Every structure is written in C-alpha cells, then in structure tokens.
Amino acid sequence: MNEVKKFNLPEFGYEVQLGKFAQQADGAVWMQYGGTVVLATVVSAASKDEFPGFLPLSVDYREMFAAAGKIPGGYFKREGKMTDKEVLTSRLIDRAIRPLFPDKFFDQVQLLATVYSVDKEHIPSISALVASSLALTISKVPFLEPVGAVEIGRIDGQLVVNPTYPQTKLSDVHLIVAGTQEGVCMLEGSTGNISEEELLEMLELAQSKIKIQIDWQNQIARELQVTKAETLDAFDWLAWEAVAKTFLTDARLASVCNLGKKGCSDAIKVMFDQFMLEHAEQIGEEDLTKKKVMYALDTQFKTSFTDYILATGKRVDGRDFETVRTVNSEVGLLPFTHGSALFMRGNTQALVSTTLGTGQDAQRIEELMDGTMDQKFILHYNFPPFSVGEARPSRGPGRREVGHGALAASAIRPVLPAADKFPYTIRVVSDILECFGSSSMATVCGATLALMDAGVPITAMVSGVAMGLLKDSSGKRFQPITDINGFEDAFGWMDFKVAGTDQGITAIQLDIKNKGGLTKEVFRQALAQAKAGRKVIMDRMKLTLSQPRAELSELVPKMVSFKIEQDRIGAVIGAGGKIIREIIEKTNVTIDIEDDGTVNIFGTPGAGLEKAISWVKTLSGKIETNAIYEGKVRRITDFGIFVELVPGLDGLLHISNIPREDQANVEKLYPTNSELRVVVLNYDADTGRIKLGFADKSKQNKGA
C-alpha cells in the first residue's frame with residue numbers, strides 16, 4: 001500500500017488524503033470539506049480509435065443518496081439516470097479542464113467525481129471541481145496546469161466566497177468561476193441583474209482566491225514529485241502545418257466568405273480536397289496519415305483564417321466585429337397554446353411556447369441537500385437533428401439540451417413574478433428549428449416573448465447574445481466578436497453568453513479554448529460589446545411586443561387566491577384528503593393549499609369555480625350571517641335537521657325554525673339527502689356551531 005499523505009488548505013476548509021483510496025486509478029483525491037466528502041479519480045488509456053481527431057474526455061459527477069442518509073425513490077432503489085444537477089455539474093467540470101490538455105493529445109481520459117457524504121452546509125460541486133483538477137495534476141496524464149474554482153454569492157450587498165448552502169438561499173448572485181494563474185477559463189451563473197462593473201469586481205475577487213488553490217495544488221505535485229507522460233507522435237505536425245499555411249493564401253481564404261452557411265461549408269470542403277489532391281504523393285495511401293494531415297490542415301486553417309479576419313476587419317459573413325445578425329420575431333402563432341413566439345437571428349430559429357398550470361403541475365425534484373422540492377418554473381430546450389440538416393436518431397435530451405435549458409432558465413428566473421402574486425406553474429418549451437450559432441440565447445429571447453404573449457407579468461424583458469474571441473497567431477492580439485455564428489464558434493477561442501435586462505446581467509456562461517485563461521481587460525471589452533449587442537436585440541424584440549399582455553389567455557384556467565388560518569387547513573383537507581378530493585370532484589377545479597394557509601383554486605370561470613371558492617372559505621371558518629347555501633339534509637333529530645352546507649361541514653336548522661304544520665312530518669317533507677336552501681342566522685366561531693333558517697322567505701319564522 002502506498003504511503004498515505006494528507007494536505008490541508010485551511011482558508012477553504014479543504015482536507016485531502018492521497019494514497020489510500022482507489023490506488024489503481026492514475027490519480028485519486030479524497031477531499032473532505034466540512035462533512036462533505038468527494039472522491040475524484042482519473043484514468044487514461046490509449047484511444048480505441050488509432051486517431052480520433054479530438055480529445056476523448058468523459059467527465060461524470062455523481063451524488064450517492066447514501067451521502068445524505070437517504071434511500072432513492074422509485075422501484076429500483078438505486079442510483080440510475082443522472083439528474084439534471086449531476087449533468088450540469090459534470091459539464092461544469094468538463095468545461096473548466098478540457099482546454100488544459102495538449103493540442104495533440106488524443107488518449108482516452110475518464111474523470112469521475114463521486115459524492116459519498118454531504119452535510120447541510122458545504123456544497124459538493126465546487127470541491128468536486130477542485131478535487132478533479134488535483135487528481136489530474138498528480139496523475140501521469142499530461143494536464144498542463146491546475147485550475148481553481150470558487151462560487152461567489154452576494155448577501156445584502158456583500159460578496160461572499162463559497163457561501164454555505166443556507167447562505168445560497170439568501171444570495172441574489174450564484175456565480176461559479178474557474179481559472180488558471182493567468183485568468184478565468186470557465187464561468188457560469190445567475191447574476192441577479194448586476195452591472196458589468198460589478199461582475200468584473202466579482203471576477204477579480206474570484207481570481208485572487210483561485211490563485212491560492214492553484215499554488216496549493218502545485219505544491220502538492222512538487223512534494224509528490226509527479227512525472228507526466230510524454231505525448232510522443234512520430235508524425236511531423238509542424239511540417240504539415242507549415243505546408244498548409246503556404247497553401248492557405250488570402251485569395252483562398254477570401255473564397256469561403258459571404259456564401260452563407262452551406263456555401264461556406266461547401267467552399268471549405270472544396271479547398272481541403274484540393275490540398276489533399278495537390279499533396280497526394282507526399283501523403284500516400286495510408287488512412288491514418290490522411291486523417292492526421294487533414295487535422296493539421298484544419299488546425300492551420302483556423303489560425304490563418306483568424307489572422308485574415310483580424311487583418312481585413314471583416315468576418316466570414318461580411319459583418320464587422322460588433323454587428324448583430326438580422327433579428328425577426330413574432331408572437332401568438334400557435335392558436336391553442338397559452339403563449340408562443342418565434343425568434344429568429346440570422347440562421348438560428350427558436351419556436352417557444354408557454355403553458356400555465358396549477359401547483360400540482362410543478363416538477364417534483366429529489367435534491368441531495370434539500371430533500372423533495374417542487375419546481376414551479378420549468379424551461380425545456382430541444383435540439384432536433386433537422387435544425388442543423390442532419391439525419392440521426394433522436395434519443396431524448398442529452399447533456400447539451402439540459403445545459404442550454406438550464407442557462408436560459410437562469411436568465412429568465414430573476415424577472416418572473418413572485419409565487420404569492422402569480423402562483424401558476426410555468427413551463428416554457430424551446431424547440432430549435434434551425435441553428436447556426438447561439439440557440440441558447442435565441443431561447444432566452446423567444447422565452448421572454450412567449451411569456452409576455454401568455455400574459456405572465458414578468459418584471460422586465462430579457463435578451464441574450466453570444467460573444468466570441470479571436471486571437472492572432474502571435475498570441476498578442478485578442479478581439480471579441482458579437483453574435484457568433486456556428487462557424488465562428490468552431491474556430492474561435494471563446495463562447496461567452498451574456499443575458500440580461502436593460503438594467504443588468506441576469507445570467508452568464510463562458511467556455512474558452514485559450515489555455516491560459518482570459519484577463520480582466522479582455523472581459524471588459526467583451527462585456528461592453530455584449531451590452532451593446534443585447535440592446536440591439538432587445539430593441540428589435542420590443543417592436544414585436546414590449547410588455548406582457550394585460551390579460552391571460554382564455555385557455556388558461558382562472559386562478560383565485562386567498563388565505564385561511566393555518567389551523568383550519570386540516571378542516572379543508574379532511575381525513576386522508578377526503579374532503580378536498582370531494583370538492584375537486586364535484587366542482588371540477590384544482591386546489592393547492594400551501595403550508596402558510598395560502599389557497600389557490602384553478603378552474604374554468606363559472607358556477608363550479610364559484611362553488612369551490614365558497615366551500616373552501618366556509619370550511620375555513622369564513623362564514624357570514626345571511627349567507628345562503630344550497631345544502632343537503634344529512635340527519636334528522638328531535639330538535640331539528642342537520643344540513644350539510646359544504647362537504648364535511650353541517651349546520652343546524654332548529655325545530656323552532658321549521659313551520660309548525662311541518663314539524664310532525666319532518667322526515668317525510670325533508671328526507672335525508674334531499675336538497676334544502678338555507679340561510680345562516682348565526683355562526684359561533686369559537687364552537688363552530690352554525691344556526692340555520694330557511695332561505696325561502698315564505699317559510700322563515702313560520703310557526704316560530
């Protein structure tokens with residue numbers, strides 16, 4: 001057994017054990033953070049494909065239910081399909097580490113981060129990312145440099161680094177930042193309408209903490225005397241890239257511009273085929289060599305084309321660095337949805353619908369730290385293969401769909417009305433009908449319009465834009481570009497999505513390919529361009545719809561909300577839910593009752609809805625003198641008739657209030673289960689007794 005080594009980072013509360021767990025992995029880190037324990041492991045192996053042409057990196061983050069002393073729900077009683085949270089955290093780790101492998105490294109790398117214990121204070125996702133970086137750093141895998149990661153929160157205007165779980169509930173900012181010594185390499189979060197300067201302040205604070213983590217990881221690697229595997233390849237990459245550079249003249253590069261998506265792709269294919277034909281004798285017949293030459297050509301093409309764009313000031317579609325593509329939108333095009341919108345920006349098209357439901361339509365989520373909770377805002381993003389002209393199996397939502405949907409949801413969530421003022425469950429669905437860059441930001445814009453078309457009273461409109469980054473071959477010049485298309489996303493150094501209102505940023509996400517991270521000045525320029533781009537898009541959206549419709553669609557169930565005393569909730573629900581089920585069945589409504597006594601009743605306007613409201617209020621003790629009820633005879637006694645006013649609540653029609661000539665034949669004249677129209681004469685709130693009389697004036701006080 002290896003010697004067990006322990007390392008602490010007191011400023012962050014991290015405790016690490018190495019050499020005890022998972023010793024057959026290339027790197028294994030047991031990290032404890034309070035009562036939260038994560039095991040991060042990394043294993044590398046030769047790629048199954050002799051030359052895959054990309055880094056076959058897989059990252060999986062899993063949360064074991066036993067970590068919180070829970071047994072999974074459902075029939076199987078074991079962890080199964082990844083939850084959305086696990087998918088999002090896996091993506092988070094992947095995006096932070098992927099740029100930091102050598103360009104010509106193609107071995108399989110599998111990284112697993114598993115949560116084995118969790119307390120109610122310390123969030124495992126950030127420590128999982130740091131543990132993953134450390135596992136790579138101490139392994140033989142040629143990982144270029146460690147990354148650090150922190151979460152930035154803001155409580156009552158004060159910034160908090162790595163807030164505890166209870167603190168996150170109070171924070172209006174949830175920003176996760178990962179970076180290297182040089183700068184930020186990954187960014188994601190919901191930012192609560194902050195300004196660009198406030199974001200830069202947060203990034204500066206995060207970077208100062210990240211450097212401490214990186215120094216710690218490097219110190220551990222030095223103490224362990226880690227030796228990295230060499231990435232040996234007999235293929236002469238530099239020579240072939242030089243040949244490609246000579247071939248890629250300005251004239252050839254210009255020939256792929258201003259041709260549209262398909263025209264550009266076709267022109268590049270023709271150019272690449274010509275290169276392969278011209279150098280066929282040098283390349284030979286071996287498929288592996290052909291693949292590597294094509295990879296070298298593609299790598300050099302991205303570099304040469306970037307230099308060409310920076311020199312000419314014109315992008316592949318003729319735009320300058322700050323111009324947004326043509327924006328069009330419309331609303332109300334789906335006649336039987338509650339709200340709908342079509343948002344188009346260039347060749348990206350999102351069809352978005354909004355559906356309003358009751359509390360019972362909320363999505364029930366089983367959280368490791370929170371237990372079971374209801375989510376009343378749901379945003380689903382779909383990316384069918386036809387949107388990019390492909391024919392492939394559709395297997396349901398993957399990591400891309402989950403990630404893009406979560407980003408769009410975090411952008412919209414800050415502007416939604418408070419649940420106590422608008423208790424509907426809101427589901428937004430975005431179907432990408434065509435894509436050529438930044439469908440997630442098209443989803444944000446389309447969702448805003450669809451919500452307003454449905455009459456949801458959002459507090460502000462939200463627009464979003466994706467920024468790219470060009471870096472010249474010298475590595476000295478960086479140029480942000482606004483509203484990247486799919487082609488630019490593939491060869492650019494950054495995919496930086498910014499969404500927000502007129503007042504500030506509501507959500508942000510950054511992925512980079514630049515191995516050193518990005519500096520504050522690059523961010524400052526990119527944020528300034530993004531703000532201008534968001535305004536252009538917002539102004540065009542406002543030409544379609546500038547505020548929520550005054551009324552909800554007629555297709556939306558009407559909602560009536562009021563409060564009852566908490567100690568009366570049981571009376572409304574009844575034993576085992578018997579009473580509330582009867583009300584729902586007889587009035588054809590949906591009823592949600594919150595723990596604080598808030599009652600939300602949803603139904604089609606009419607008698608059924610009004611009856612349900614009256615019944616619930618009556619059961620809760622809101623009974624007024626002279627109120628009239630269509631009751632039902634339940635029991636006859638010597639001293640009167642017990643009349644059921646609403647399910648589960650009776651009042652007494654005393655014998656003295658029954659006409660004298662009827663008193664001898666009460667059972668015959670007023671049989672059990674017959675309907676009786678009565679009026680409340682008196683209600684004693686302390687005892688719950690209700691005194692009734694006939695609502696029929698001809699019978700009132702007769703014979704009394």
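**Ground rules.** I worked from a predicted model in which local features need pLDDT of at least 70, side-chain atom pairs count only at pLDDT 80 or more, and totals for chains, interfaces and linings use all residues. Residues are numbered from 1 along each chain as its sequence is written, and side-chain values use heavy atoms, with hydrogens and water left out.

**Entry 1: salt bridges overall.** Side chains of opposite charge can pair when their charged atoms come close. I searched the whole structure for salt bridges (a side-chain nitrogen of Lys or Arg within 4 Å of a carboxyl oxygen of Asp or Glu) and found 38.

**Entry 2: Asp483 and Arg345.** I looked up this pair next and found a salt bridge, with 2.9 Å between the closest N and O atoms. Arg345 sits in strand S12 (residues 339-345), while Asp483 is in the loop between strand S19 (478-482) and helix H12 (486-491), 138 residues apart. For the element names, helices (H or I, at least four residues) and strands (E, at least two) are DSSP runs, numbered from the N terminus. Are Asp483 and Arg345 buried or exposed? I find both of them buried (under 20% relative accessible area; exposed is over 50%, partly exposed in between, with a 1.4 Å probe and protein chains only). Both also belong to a salt-bridge network, together with Arg315, Asp317, Arg319, Arg325 and Glu488.

**Entry 3: Asp502 and Lys542.** Here I noted a salt bridge of 3.0 Å, N to O. Lys542 is in helix H13 (residues 520-544) and Asp502 in the loop between strand S20 (494-500) and strand S21 (505-512), so the bridge ties together parts 40 residues apart in sequence. I checked accessibility too: Asp502 is partly exposed at 49%, and Lys542 is partly exposed at 30%.

**Entry 4: helices H15 and H16.** Two packed helices are described by the angle between their axes and the distance between the axes. For H15 (residues 578-587) and H16 (residues 607-619), I read axes that come within 9 Å and cross at roughly 160° (lines fitted to C-alpha atoms over the stretch in contact, with angles from 0 to 180 degrees between N-to-C directions). That makes H15 roughly antiparallel to H16 (over 145 degrees). Which residues make the contact? On H15 they are Ile579, Ile583, Lys586 and Thr587, and on H16 Gly608, Lys611, Ala612, Trp615, Val616 and Leu619, where contact means heavy atoms within 4.5 Å.

How values were computed
Parallel < 35°, antiparallel > 145°, perpendicular 65-115°, else oblique.
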